[in-house]
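Me: I'd like to go through this model with you, starting with a helix and moving on to the core and the pockets. Could you keep the cut-offs in view as we go?

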Amino acid sequence: MIVFLIVMGFWEFKWKPQYRPFYENGVGYYQKAKYIQALGEFERAYQIAPNSTDVIMMLGWTNLKLNRFEDARFYFDRVLKIDPRIEEAQMGSAFVALETGRGKVDVKAVNRLLGERRGDPNVRILAAGALVQQGRNFEAADIYRGLL
């Protein structure tokens, strides 16, 4: 039993591949707008840690930047199945709905985010998109003007 525990300890902390270096490389590429390279790094991290919400979410955002909307939708939905409270995944899912015209933007969630992040232009864009979906175009236009 002791040998087994020692071997498991070595596996977990020494031999097992770690996803974090791939994830951090991916974030670096993403921040430099090198989305293809970022996607490759995030996919490597995903192979090691397929249930890590930070990796899955960055796969969603990277695919969104590459206009691969259905892939992005898959990853954001997966994050929300793991933890429905993750706001970044809610925002990503709403952006996919706006970009594709398929799906609705959750107005309550956007309003809550807007209350918490009033200065965040991404949340304001989502709020304007939600208003457009409701046919409230003049209110959406005011938000868009404020972004300029």
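Me: Which residues of α5 are buried?
Reply: In α5, the buried residues are Phe-69, Ala-72, Arg-73, Tyr-75, Phe-76, Val-79 and Leu-80, where buried means under 20% relative accessible area, exposed over 50% and partly exposed in between, with a 1.4 Å probe and protein chains only. This is a predicted model, in which local features need pLDDT of at least 70 and side-chain atom pairs count only at pLDDT 80 or more, while totals for chains, interfaces and linings use all residues. Residues are numbered from 1 along each chain as its sequence is written, and side-chain values use heavy atoms, with hydrogens and water left out.

Me: What do the buried residues of α5 pack against?
Reply: They pack against α3, α4 and α6; helices here are DSSP runs (H or I, at least four residues), numbered from the N terminus, and contact means heavy atoms within 4.5 Å.

Me: Switching to the core, which residues touch the most other members of the largest nonpolar core?
Reply: Trp-61, Leu-64 and Phe-76 do, in a core of 39 residues; such a core is a set of buried Ala, Val, Leu, Ile, Met, Phe, Trp, Tyr and Cys residues joined through side-chain atoms within 4.5 Å. α4 gives the most to this core, with seven residues.

Me: And what does Trp-61 touch?
Reply: Leaving aside residues up to four places away in sequence, Trp-61 touches Tyr-30, Phe-76, Glu-88, Met-91, Gly-92 and Phe-95.

Me: Now the pockets: what is the volume of the largest pocket?
Reply: The volume is about 270 Å³, and of the 15 lining residues, the closest to the pocket centre are Trp-61, Leu-64, Lys-65, Phe-95 and Asn-122. A pocket is an open set of points on a 1 Å grid over the protein atoms alone where a 1.4 Å probe fits, with protein on both sides within 12 Å along at least five of seven lines, and lining residues have an atom within 4 Å of a point. The volume is the space filled by probe spheres set on the points, which are joined across faces, edges and corners.

Me: Which helix gives the most to that lining?
Reply: α6 does, with five residues.

Me: How about the second largest pocket, what is its volume?
Reply: The second largest pocket has a volume of about 170 Å³. Its lining has 14 residues, and the closest to its centre are Gln-90, Ser-93, Ala-94, Lys-104 and Asp-106. α6 gives the most to this lining as well, with five residues.

How values were computed: Helix = DSSP H or I, 4+ residues; strand = E, 2+ residues; numbered from the N terminus.
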